[in-house]
Amino acid sequence: MKKMTYFLPILFLIFNCQTKIENVKNDVEISTQDSLVYNDSIKTAHILVALCDNKYQGIVPVPAKIGNGQDPNNNLYWGAGYGVRTYFKKSKDWELLKQTKIDETILERLVFKHKTQNFYLIADAYDGKEIEQTTIDFLKSSSGQFKDTIHINDEVIGINGNANLITYIGHDGLMDFQLKNEFINLDKKQRDVIILACYSKRFFGPLMQDNNVNPIVWTSHLMAPEAYIIHDALEGYVNNESNESIRNRAAQAYSKYQKCSIKAARNLLITNW
């Protein structure tokens, strides 16, 4: 029954993409200096989620409760059944360590630790009306222009451009607006990225050609960016699997939950340039 609850909103989201083509703990310390020292032996993944928003994004509206971009608790991409917060909190592989509000743009930050590996996952829920800023932060992070750290378990770990893997999840805002920023890699460090949004290779690719990024998973067509995709992809990443192996994990999850063929899922979720 739960799957049926969220099936209709996902149909709305996919249709929208087609029309466009046609308990809080407040002890996370944040710093933004590029030169901050952090423990780079601890691997991290940073997920930037643009909350689904009927009002501020150019989408065909989903039901109001899950389409309020200012309400993480019920949002389709965060607090709903297949949202990042709900799905990862239920995962047997990850332990939630911290949950906090950052500011008026990042409405909630979650910090998870993998239960068998020394690997941290940071997930940020951006206010849906800030989808352009979410996109900019992702592109600046993937190019190394925006680097940051957080303190967790007496360690300083890297996020944004200091993370090993940077992920964008949500509506593809680049179908609605254009960015004037240049996202050129200046530190010559290659970063891994995953972009779960409709036609992400087509729209993000031109802005990332000078980023020196390694696109592990991005998309060729319409898609539903639900959390099981990144969850299963991360299992491969944590275990140092190849791009192709990680892509296969993502495709298998998509095939299972969307009830499509594995061939269709592999055609949708692609890897490399």
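Isoleucine 152 has its place in strand β6. This is a predicted model, and its values are computed from that model. Isoleucine 152 is buried, with a relative accessible area of 1%, which is under the 20% that marks a buried residue.

Leaving aside residues up to four places away in sequence, isoleucine 152 touches Leu97, Lys98, Val111, Tyr120 and Ile157.

Strand β3 covers residues 94–100. Of its 7 residues, 5 are buried, so β3 is largely enclosed by the rest of the structure.

β3 and β4 run antiparallel and are joined by 6 bridges. A hairpin of 5 residues connects β3 to β4. Within this pairing, threonine 100 has arginine 109 in β4 as its bridge partner.

## The sheet

These two strands belong to an open sheet of 8 strands, with the order β3-β4-β5-β2-β8-β9-β10-β11. The pairing in this sheet is mixed. Its edge strands are β3 and β11 (269–270), each of which pairs on one side only.

Strand β2 (residues 43–50) pairs with strand β5 (residues 119–126) in the parallel sense, over 8 bridges. Here the bridge partner of alanine 50 is tyrosine 126 in β5.

## Helices on the sheet

Helix α4 (residues 200–208) packs on the sheet. It touches β8 (165–169), β9, β10 and β11. The direction of α4 makes about 160° with that of β10.

Helix α5 (residues 227–238) also packs on the sheet. The strands touched by α5 are β2, β3, β4 (106–114), β5, β8, β9, β10 and β11. The direction of α5 makes about 160° with that of β9.

## Strand β8

How many of the residues of β8 are buried? The count is 5 of its 5 residues, and the strand is mostly covered. In a regular strand the side chains alternate between the two faces of the sheet. In β8, Leu165, Thr167 and Ile169 point one way, while Ile166 and Tyr168 point the other way.

β8 has parallel partners in β2 and β9. With β2 it is joined by 5 bridges, and with β9 it pairs over 5 bridges. Isoleucine 166 takes part in both pairings: histidine 46 stands opposite this residue, and valine 193 is its bridge partner in β9.

## The largest pocket

About 150 Å³ of space lies in the largest pocket. Its lining consists of 14 residues. Those nearest the centre of the pocket are Lys43, Asn164, Asp192, Ile216 and Tyr237.

Which elements each supply at least two residues of the lining? They are β9 (191–196), β10 (213–219) and α6 (243–258). By residue type, the lining divides into 4 nonpolar, 5 polar and 5 charged residues.

## Loop residues

Most residues other than glycine have a negative phi, and most peptide bonds are trans. Aspartate 154 has a positive phi, near 65°. This residue is found in the loop between β6 (147–152) and β7 (155–160). Aspartate 154 counts as exposed because its relative accessibility is 85%, over the 50% that marks an exposed residue. Asparagine 240 likewise has a positive phi, near 60°. The loop that holds asparagine 240 lies between α5 and α6. At 56% relative accessibility, asparagine 240 counts as exposed.

Glutamate 182 lies in the loop between β8 and β9. Is glutamate 182 buried or exposed? With a relative accessibility of 60%, glutamate 182 counts as exposed. Glutamate 182 and serine 143 are 39 residues apart along the chain, and their C-alpha atoms are separated by 9.7 Å.

Note on methods
Residues are numbered from 1 along each chain as its sequence is written. This is a predicted model: local features need pLDDT of at least 70, side-chain atom pairs count only at pLDDT 80 or more; totals for chains, interfaces and linings use all residues. Side-chain values use heavy atoms; hydrogens and water are left out. On a 1 Å grid over the protein atoms alone, a cavity is a set of points where a 1.4 Å probe fits but cannot get out, and a pocket is an open set with protein on both sides within 12 Å along at least five of seven lines; lining residues have an atom within 4 Å of a point. Grid points are joined across faces, edges and corners, and a volume is the space filled by probe spheres set on the points. Helices (H or I, at least four residues) and strands (E, at least two) are DSSP runs, numbered from the N terminus. Ala, Val, Leu, Ile, Met, Phe, Trp, Tyr, Cys and Pro count as nonpolar, Asp, Glu, Lys and Arg as charged, and the others, Gly among them, as polar. Two strands pair if DSSP finds at least two bridges between them. Contact means heavy atoms within 4.5 Å. Axes are lines fitted to C-alpha atoms, for helices over the stretch in contact, and angles run from 0 to 180 degrees between N-to-C directions. Buried means under 20% relative accessible area, exposed over 50%, partly exposed in between (1.4 Å probe, protein chains only).
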